[in-house]
Amino acid sequence: MRAADIPYVSAVDQPVVLAGLVGGEEPWAVWPSVVAAGAREKVMSEIAASGLRGRGGAGFPVAKKWSMTASEPAPRYVVGNGDEGDPGSYGDRLLMERDPHRILEGLALAGFAVGARHGLILVRSEYPAAADRLRAAVVQAREAGHLGERVHGSPVDFDVEIVVGAGSYVAGEETALLHALAGLRAAVRARPPYPTSHGLLGHPTAVNNVETLAAVPWIVRHGGAAYARLGHPDEPGTKLVCLSQRFRRPGVYEVEFGVPLRHLVEELGGGLREPYRLRAVQVGGPLGGFLTPDQLDLPLLSEPLAEAGAALGHASLVAVDSTVPAAAILRHAWAFGAAESCGACTPCRVGTRRGLELVERLREPERAGAVLADHEPLIEVLTVASLCAFGRGVSCAVRSLLRVYSDELHQAALTGKGGE
Amino acid sequence: MRLSVDTIGIEVAPGATVLDAVRAAGAVVPTLCYDERLTPQGSCRVCLVGVRGRAMPACTTPAADGMEIQTDDETARRSAQLALELLVSQLPARALDIPAERSELVRACRHFGLTGSRFDGATRNAGVDHSHPYVKLDRDLCIACNRCVRMCAEVQGTFALSLAGRGFDTVVVAGTGGPWVSSPCVACGGCVDTCPSGALSEPGLADPRPISRTTITTCGYCGVGCTLRVHTRDETVAAITPAHDAPVNRGHACIKGRFAHAFTRSRDRLTTPLIRDGGRDSPLRPASWQEALTFAATRLAAIRDRHGPDAIGMISSARATNEENYLAQKFARTVLGTNNIDNCSRLCHAPSAVGLAASFGHAGGTNSADDLDNTDCILVAGANPTEAHPVIGARIKQLVLRGARLIVIDPRRIDLAEMADVHVQARPGSNVAVFNGVARVLLDEGYANQDFLRTRASGLAELAALLADYPPDHAARLAGVTPETLVAAARLYGAARRPAIVYGLGITEHAHGTDGVRTLSNLAILKGAVGTPDCCGVLSMRGQNNVQGASDMGALPDMLPGYQRVTDAGVRARFNRTWRAEVPARPGLRILDMFASATAGRVRAMYVIGEDIAQTDPDSGNVRRALAACDLVINHDVFLSTTAEHADVVFPAVPFLEKDGTFVNFDRRIQRVRPALDPPGQARSDFDILHLLARAMGADLGCPTPADAMAECATLTPTFAGISHTRLDRDGPLHWPCRSPDQPGEGRLYLDSFATPDGRAALAARPYLPPGEQADTTFPYVLITGRRLVHYNSGSMSRRTPNHQLRPHEVLDLHPDDAARLGLADGDLVEVTSRRATVTYPVHLTDTIAPGQTFTTFNFPDTLTNTLTSDATDTETGCPEYKITAVSLSPVPHRADSRAAGR
Amino acid sequence: MGEPREAFVELQDRLRRPGTGMLDRLRQAQVKDGRIDAEDLERVAGGFGWPVAAVTGSVTYYADFAEGRRGRRHVRVCEGTSCFVSSRGEHIARLERALGVRLGDRAADGSVSLQGTRCLGYCYDSPAVLDGELPASGETLGGLFGDRWPRSGGRGPVGSSRGRCGRPTYRT
């Protein structure tokens, strides 16, 4: 073993997503009885009662997405989004590699709820082990009678196909994901129409993140009300949070919504490992935002974080220590945007490249002075005019970065020495 | 829905977008990735408007009741401008030097008052691809709007294009990304037409000099009848673009209509009359109009006066206008005094005229092409629309992509067969067996509409009795297909709610072509899919631009305009009154009968307008012998054709781009043809030539202008009574029948009753009969002739354009198994021998042709395919059996110096 | 506005030529000589009954296919944020030296290629690489490169987190 396994911890009394990994709850515990009983309404109503929202970043209510899909004409599909692209996140990888059956059970329940006969999961190619485990799990689940025709003696047919991506961050966006599943360019398209009516192969499709799906068996088993009691009234339930290597105790933590970030950073993560000093925390990956250490009293909730300029996203926390120069982290942010822009819309296609070029100008004494001012229209057009959350997110992340590193960046602009 | 745009209240239909609302309100929002022909994409982001304080892309945001739209919203406008500036910053400076009328990008910049961009940085540096003669790519001007890709996919259905790369480097590619000319692009021009930035352009528009005039006219290639905008500069065609509001082509076109116009200024245009006054072996020499007219008039009158009017045969042209055809048949009947007038529909769609008239009443398709929009199942039989009628082929592809079922009945695996639900790859000549087999299944399995049959049709009992002999396995055996295939086709057609039939020359050009049309029509009658509300009927794909019109105008030996019989004394009396002449009562000779009569010495003069009968008519050796036997051959043509080489007088004529008049397309739509160019030299329209020759013979044809000719035709022909140039210019195209100036034309026919004598659709009980020729031990292969995309008919127009680069010579399609048996590799030469002649072709190996069959065209005068073709003709109409000729194949031994392909 | 359309998707659905196997098929094509050339595009498109342009569009889009020709040994190195923070790209430079190939390139003899990727999901033990499908993480990349792995200049975490895995070691 040349790579470390993922450390994971449940920081909640009743682990939900990690119910199998730390709570000893076996997968496929509810599926046989639910499908045999034809209890479609029960699944729908428990999910609705739970208040479960999409955990991939967009936070759309799951029950609503499912009922929208179910109201469209067959054939319908359910899709698991295993394209965990956010640098800093590895919770989905943990689930796919270590508890793939829980995701499959969640997908089967979703398929049952929306009336789909086929489920698909897109796993990014950077996660070869996750794809292998999921594929093996599908074979096992078929052998155990959980998947296939007339599942558990019911009239329900349901099977799952695992599709491996080929290197694209934007493929995690749902319309792009559907393109990737179909072997097409993983470019984003305008919504509406939403995948709930125009999804895979043009048919109604419910797309859910694998973490979302992993919560479903627990909710169906323990009831939506039990889930709704967890977390915060505005945002019930639990979330996997990933802490990065610079923390003293990096790993995946299942926590309840509403906990203060400081709790995650200082209590769970144990602060930074020696000799590093925390300079900023990147929340929510490249489309999230940067916070200063004194902003850590913000709760782990979408709204307050968005107001502070740091979208929750997939809830990764990457600690940036004080040795990392501001210009380097700014360049890193733009470089990511330029490399991963799908190219569908003008602001993102050209704007991310222009951003990267702006940072490079910090090395040119005669042009460095204008770099920060020149960021303004660029961030504006990306934020207002981008087609999808990617361009908006990259610009918001850069905006927060400019704020957090304001002093250093102004200094870099004055000297024109690159700031690194 | 009611909403407001900049405080102006407006009403929009459900499903409208914010952009629709903005435009309905007369406000202006620039767009770049939007094209009304395509699904909105919302990717350029320059159409942002304010909706409840949020910046939203107008093109993809659904309008909603009560919505308040602000086109001057500060945030939206500013971001839209910034997006445009970003876009401009990626492009070289020359992007903004393109004339505004050819660049939506330049116009969008003007909207915002932009002359540059506040952003700067890397621009593209990917270079140009000028490999294709028509489609020119400048990658550095590409704005990745995806319009070309959507056009190629959503309108043309070729899917030749894709965006490639990602992010900043996203750019369009064709095929595998290699040279454009090597890609699957069929040069429909859709991508060029939609490109907003000049990245995709064409030679005439890459030239920045202004266009001096734009003329709206109707295409003179195939029978689809596309409305084209012809842009001229310095008295040449700079470019032709499809009219976006065109009723038939709806903003689309094909490689021929769109690009193949260079022939109009080809240096070998005939620009002066030619006469041969030293006998047939003497050369043609230029002559003045006066001299040539006198020469022709004197001799023609002499033959008429000496041998009688019926010693003259006249062939009118399906490429000429209605007015010219009207004048030609009037010339034959009044100046010459004969009904010996025919047109080339004899050689292609005479069985349609006769068959459709017998089944339904009128000699044309039963429905408007617009009805295809509502069909859920298309049966394509004996037609290859994606090559021969590309705009309709493209439309069919789109209908299929959007869910319509597709049945293809064709011996070849044509492009459409690739996407068909069922391909009945029936043996050539087995159409009647196939249709009878399908009819039997429709009846046996309860798909027939009994109510319709009871009240609207006749002949069921006779048909049912005949079909006893056509159980599916027997019909399938005759057709060489499996019974399952036949049954599957029947069930698809039978189960459809609004099935459409589209057929072509593969049905008509047979020894039993009229039976083919009748038995195919049976299917629509059995289903009640014709003459009923929402029906899609039967559409016949016409080969040349005005095949329908030439017959409609009475260039037929037995019919006056509007298919009024010359044998009907009442009809003749009306014409006689108006024409102040005596229309002969006896029907005249059909084309092939004229040749036979000429060879026999009964016809002494042939007057051929436009047709190159010596190249395009079947068994053309026989045609040449007939011409040689005549005392006088008069010919109008644009170029010196194979026929002109046998003529005594050749008048220099003009092509459609220099004509004034009307054409009738395949769905009976009468459309205006307007001159975009002046004729070169002394060339004249067929209309003028006929007038001049009549005058030289001391006669006056009346109706001095094309508009007058149409007006006269309208007074004599009930089905055209409502047609006039004035009305067409005002209201646009009209379908016939159009019985009065205040009636719209009838696109969908027979809703109340069929135009047959008893008002019922007539089912036809026709047995399968074998074709005129069949493969045997001496001639073991069947040669099928047909059309290819880039060339047109004799090739006289298309070969004189850069289309020639795309296909410089003819080939013979051969199945690889047959090739292996004969020891032939792709490109090797093979001698094709029929009972009449031998022609050499390079072979093209393809499994789209069945073993034992071969395919080629007659587009090239140096591979005279029609010297091979069969002399068998349709028993009812005399239409030749172009589709089946028994041939033998013999490889030409390899010689290093024998690469002069096809000679 | 009519029914919104995606013609490339319609093509797959209506003609029953779905593309869920397309990316795997392209990977297969790539194995032969590390790249997907025009012939491969035609062959793959033909097999799926797809227009070749659709395949070209995909191949040029995805990093796994578009970013240069692959060597027999293909190493993906993480350029994600945690890896960046933990080494500021130093690990990439070291890897380039260890493999003798530049990021995004393939060795002239075709033995090895190095691709940057975001991210491999080893953010708890940055930096990380995937050597073929074998992951390696931590400052020394799990000793994957043995003695050839140049030592860093003393910067980096105090201790590797390797070995702390599996069942929870602590809870709150």
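In the predicted model, B:R574, B:F575 and B:T578 of helix α21 of chain B meet B:E712, B:T715 and B:L716 of helix α26 of chain B. The residues that form this contact of α21(B) with α26(B) divide by class into two nonpolar, two polar and two charged. Helix α21(B) covers residues 569-579 and helix α26(B) covers residues 706-716, and the axes of these helices come within 10 Å of one another, crossing at roughly 145 degrees. The crossing in which α21(B) passes α26(B) is right-handed.

The C-alpha trace of chain B spans about 85 × 70 × 70 Å along its principal axes, and buried residues account for 63% of the 903 residues in the chain. When contacts in chain B are taken between residues at least 6 apart in sequence, 72% of them join residues that are at least 24 apart.

Turning to the interface between chains C and A, 61 residues of chain C are in contact with 59 residues of chain A. On the side of chain C that touches chain A, at least two residues each are supplied by the helices α1 (7-14), α2 (22-33), α4 (52-61), α5 (63-66) and α6 (81-87) of chain C, and likewise by the strands β3 (128-131) and β4 (134-137) of that chain. Sorted by class, this side of chain C has 29 nonpolar, 19 polar and 13 charged residues.

The confidence of the prediction was considered both for the complex and along chain C. For the complex, the predictor gives an ipTM of 0.96 and a pTM of 0.95. Chain C averages a pLDDT of 85, and 83% of its residues score at least 70. Among the elements of chain C, the highest mean pLDDT, 98, is that of α4(C), whereas the lowest, 92, is that of helix α7 of chain C, which comprises residues 90-99. Over residues 152-172 of chain C, however, pLDDT stays under 50, although the model has 35 contacts beyond four places in sequence for this stretch. Where pLDDT is low, the predicted coordinates should not be read in detail.

Methods: Residues numbered from 1 in each chain as written. Chains lettered and ligands numbered in written order. Predicted model: local features only at pLDDT ≥ 70, side-chain atom pairs only at ≥ 80, totals over all residues. Contact = placed C-beta atoms within 7 Å. Helix = DSSP H or I, 4+ residues; strand = E, 2+ residues; numbered from the N terminus. Nonpolar A, V, L, I, M, F, W, Y, C, P; charged D, E, K, R; others polar. pLDDT = per-residue confidence, 0-100. Axes fitted to C-alpha atoms, helices over the stretch in contact; angles between N-to-C directions. Left-handed = near helix turned anticlockwise from the far one by under 90°. Buried ≥ 20, exposed ≤ 12 C-beta atoms within 10 Å, placed from the backbone.
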